[in-house]
Every structure is written in C-alpha cells, then in structure tokens.
Amino acid sequence: MDVVMTIAGSDSGGGAGIQADIKTFQELKVFGTSVITALTAQNTLGVEAIFPTTPDFVSQQMTAVFNDFDVKALKTGMLFSDEIIECVADKIQEMELQIVVDPVMIAKGGASLLQQEAVYALKTKLLPIATVLTPNIPEAEVITGMTMNTQSDIQHAAESILEKGVQCVVMKGGHLEDDEFATDSVFLSNGTSFKMSSKRIATKHTHGTGCTFSAAMTAFLGKGLSLQEAILEAKKFVQLAIEHPLNLGHGHGPTNHFAYQNHRNYEVMISEA
Ligand SMILES: Nc1ncnc2c1ncn2[C@@H]1O[C@H](COP(=O)(O)OP(=O)(O)OP(=O)(O)O)[C@@H](O)[C@H]1O
Ligand SMILES: Cc1ncc(CO)c(N)n1
C-alpha cells in the first residue's frame with residue numbers, strides 16, 4: 001500500500017483541509033498520514049476561529065511519521081505562518097518525495113489561512129522544492145505580484161513561478177468568468193504546456209475543491225502515475241466530486257468524495273495552453 005501525507009489545517013466542517021485530503025486518499029486507495037498545522041472552527045458558512053499548532057509540534061508530527069513510513073508523496077495546504085513553512089521546508093528538502101504545494105491563502109468566506117508575511121517564505125523556501133504548485137488566480141497574483149486577466153497573463157505568471165524552481169504549475173481557473181468550462185492551465189519546466197477543461201457546474205457546493213484536487217494529485221503521484229497522468233486524473237476526481245453534490249450544510253457545501261468510485265467515466269478535454 002502506497003503511503004502519502006498531508007500537511008494542512010483541520011476543517012471541523014469536514015469539507016476542506018485535512019478532512020478533505022484524508023477522504024480523497026481513502027477513496028483513491030492510498031494510506032493517508034497527516035500533519036496538522038492549525039485547527040479551524042469552520043463550517044460551510046465560514047471560518048469562526050483558528051488555533052495554530054507550533055512549528056515544533058509540526059516538526060514532531062513529521063518526524064513521527066517519517067521515522068515509521070516510506071512516504072511517497074505529500075501535499076501542503078494551509079500552512080498559516082512563515083515559521084511553519086520554514087520548518088516544513090527544512091524537513092523535506094533533502095527527501096526523495098513528490099511534493100504538491102497548494103498555496104492556500106484565503107477561505108471562500110474571506111478568512112485568512114496564511115499570514116501575509118508568510119508569502120515570502122512560501123516563495124523562497126517551499127517553491128524551489130515543489131514538484132507541483134496549484135494556485136488559483138488570486139493566489140498566483142499574490143505570489144507573482146502580477147495582475148492576471150488574459151491567457152497571456154497566465155502564461156507570464158506561470159513562467160515567473162517556474163523560474164523559482166517548481167517543476168510544474170497548475171493555474172486553476174475555478175475563479176475565471178467562463179459559464180461553460182472550468183479550465184486549468186498546466187505548465188511544466190520542460191516547456192510542455194496544455195489546458196484541461198471540464199464542464200463548469202452551476203453550484204454553490206464548492207467548499208474544499210482546491211484541497212480535494214491537490215489531494216487527488218498527491219494520491220495519484222503516490223501510486224506512481226506520471227505527473228501529467230496524475231494531474232489529469234485529479235481533474236477528473238474533482239469534477240465528479242462537484243458534479244454529484246451531497247447537498248450538505250447551509251452555505252458552500254462540501255464536494256462528494258465518493259463520486260469518483262461511483263461514476264468514474266468523465267472525459268477531461270485537453271487543448272493548447
Ligand atoms: N463550478 C465548477 N465546475 C467544475 N469545476 C470547477 C468548478 N469550480 C472549480 N472547479 C475546478 O475545481 C478545481 C479547484 O479549483 P478552484 O479554483 O475551485 O480551487 P480553489 O479556489 O483553490 O478552491 P478552495 O475553495 O478549496 O480554496 C479546478 O480544477 C477547477 O477548475
Ligand atoms: C483548513 C482549511 N484548509 C483549506 C481551506 C481552503 O478551502 C479551508 N477552507 N480550510
């Protein structure tokens with residue numbers, strides 16, 4: 001059984017963060033381990049409180065898992081502070097691991113999940129060792145300092161991120177104004193690029209879509225899929241999870257992690273970036 005890890009925040013509402021990651025790992029039949037950076041009191045309506053753990057305790061959790069398991073791939077989600085980012089980066093930089101960095105910054109309701117001063121540590125410590133970075137457009141704008149309106153802006157921002165040492169950038173288009181498709185743009189450091197599109201679902205149940213997408217990518221990398229296969233299969237996983245909602249909660253409800261096993265066949269469209 002392949003072992004993977006998530007380093008992220010807990011979502012008491014169960015739709016995002018550690019909970020979304022573990023549910024995704026379970027559905028994809030990899031063994032999930034977890035390192036918790038912060039607890040959030042959260043539901044589908046928003047984040048009510050944040051209780052961070054300490055960098056030392058994050059480090060202790062990582063040591064405990066690494067001393068016992070052969071972790072093949074890991075993802076990072078909510079990292080909250082620069083001290084936590086530095087301690088995570090120090091610990092994993094010498095390891096042979098596939099690293100998916102989801103640069104979580106702001107929850108859908110507007111709560112900040114990453115302190116502003118931590119962006120520098122994210123760029124200088126974590127990006128150089130990341131296999132894949134999965135920013136949404138607002139996150140990519142914060143990381144690059146660029147404004148992104150057009151596909152050419154997306155390409156320039158991706159190039160500037162690749163220069164920081166990441167092997168692949170997946171620019172998520174969930175926030176773009178396109179009624180028909182949800183299109184993500186993928187750029188690899190070897191020069192390959194493509195767009196992947198799926199039918200945009202008109203729904204308010206999109207809590208944790210980004211977490212679920214990066215967790216699925218991590219699971220597929222852990223199972224040994226190539227980078228491109230893992231990215232495409234993760235897009236399929238999140239599409240099915242959005243397309244078959246559970247209709248839970250009174251706000252932005254969670255996605256359906258069971259959908260991939262129940263309705264496997266979704267064809268992601270690929271085109272030139
Ligand atoms: N309404 C939708 N229909 C289909 N796919 C969607 C929809 N919204 C987002 N996606 C897809 O879901 C994935 C996650 O993207 P999104 O932009 O929602 O991430 P995010 O903003 O980081 O999410 P989070 O709320 O977890 O922070 C991407 O592949 C995106 O294209
Ligand atoms: C703990 C946590 N991580 C990530 C997100 C982003 O979806 C969230 N809302 N909560």
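Predicted model: local features only at pLDDT ≥ 70, side-chain atom pairs only at ≥ 80, totals over all residues.
In the UniProt record, an unreviewed entry, the feature "domain: Pyridoxamine kinase/Phosphomethylpyrimidine kinase" is placed at residues 11–256. In the model, this span is 38% helix and 21% strand, and its end C-alpha atoms lie 16 Å apart.

The shell around ligand 1 comprises 23 residues, of which Asn136, Gly174, Ala182, Thr209 and Gly210 come nearest. Strand 8 (181–188), helix 7 (209–222) and helix 8 (227–243) each contribute at least two residues to this shell. When the residues around ligand 1 are sorted by class, 11 are polar, seven are nonpolar and five are charged.

Around ligand 2 there are 15 residues, and those that come nearest are Gly9, Ala16, Gly17, Met78 and Ala107. Two or more residues of this shell come from each of strand 1 (3–11), strand 2 (31–43) and helix 7, with strand 1 giving the most, namely three residues. The shell around ligand 2 divides into seven nonpolar residues, seven polar residues and one charged residue.

Helix 6 (residues 151–162) consists of 12 residues and reaches 16 Å from its first C-alpha to its last, close to the 16 Å expected at 1.5 Å a residue. Its buried residues are Ile154, Ala157, Ala158 and Ile161. Viewed down the axis of helix 6, these buried residues fall within an arc of 100°, and they therefore line one face of the helix. The cover over the buried residues of helix 6 includes strand 6 (132–133), helix 5 (137–144), strand 7 (168–171) and strand 8.

For helix 8, which has 17 residues, a span of 24 Å should result at 1.5 Å a residue, and the distance of 24 Å between its end C-alpha atoms agrees with this. The buried residues of helix 8 are Leu227, Ala230, Ile231, Ala234, Lys235, Phe237, Val238, Gln239, Leu240, Ala241 and Ile242. These buried residues pack against strand 6, strand 7, strand 8 and strand 9, as well as against helix 7 and helix 9 (259–262).

The loops on either side of helix 7 were examined through one residue each. Histidine 207 is found in the loop between strand 9 (193–199) and helix 7, and it counts as buried because 29 C-beta neighbours lie inside 10 Å, where the cut-off is 20 or more. Not counting residues up to four places away in sequence, histidine 207 touches Gly15, Ala16, Thr44, Lys108, His252, Gly253 and Pro254. Histidine 207 and aspartate 184, although 23 residues apart in sequence, are 18 Å apart in space, C-alpha to C-alpha. Lysine 223, by contrast, lies in the loop between helix 7 and helix 8 and counts as partly exposed, with 18 C-beta neighbours inside 10 Å. Neighbours within four places in sequence being left aside, lysine 223 is in contact with Asp2 and Val30. The C-alpha atoms of lysine 223 and phenylalanine 66 are 18 Å apart in space, and the two residues are 157 residues apart in sequence.

Two further loop residues have a positive phi without being glycine. Lysine 29, in the loop between helix 1 (17–27) and strand 2, has a phi near 60° and is exposed, with 11 other C-beta atoms within 10 Å. Phenylalanine 80, in the loop between strand 4 (71–76) and helix 3 (82–92), has a phi of about 70°, but this residue counts as buried, with 23 C-beta neighbours inside 10 Å.

Finally, valine 47 lies in strand 3 (residues 46–52) and is buried, with 22 other C-beta atoms within 10 Å. Apart from neighbours within four places in sequence, valine 47 is in contact with Thr40, Gln42, Ala107, Gly109 and Ala111, and Ala107 is also one of the residues that come nearest to ligand 2. Valine 47 and lysine 108 are 61 residues apart in sequence, whereas in space their C-alpha atoms are 9.1 Å apart.

Conventions: Residues numbered from 1 in each chain as written. Chains lettered and ligands numbered in written order. Near = placed C-beta within 6 Å. Helix = DSSP H or I, 4+ residues; strand = E, 2+ residues; numbered from the N terminus. Nonpolar A, V, L, I, M, F, W, Y, C, P; charged D, E, K, R; others polar. UniProt positions renumbered as here; feature names shortened; annotations may be inferred. Expected span 1.5 Å × (residues − 1). Buried ≥ 20, exposed ≤ 12 C-beta atoms within 10 Å, placed from the backbone. Arc of directions from axis to C-beta. Contact = placed C-beta atoms within 7 Å.
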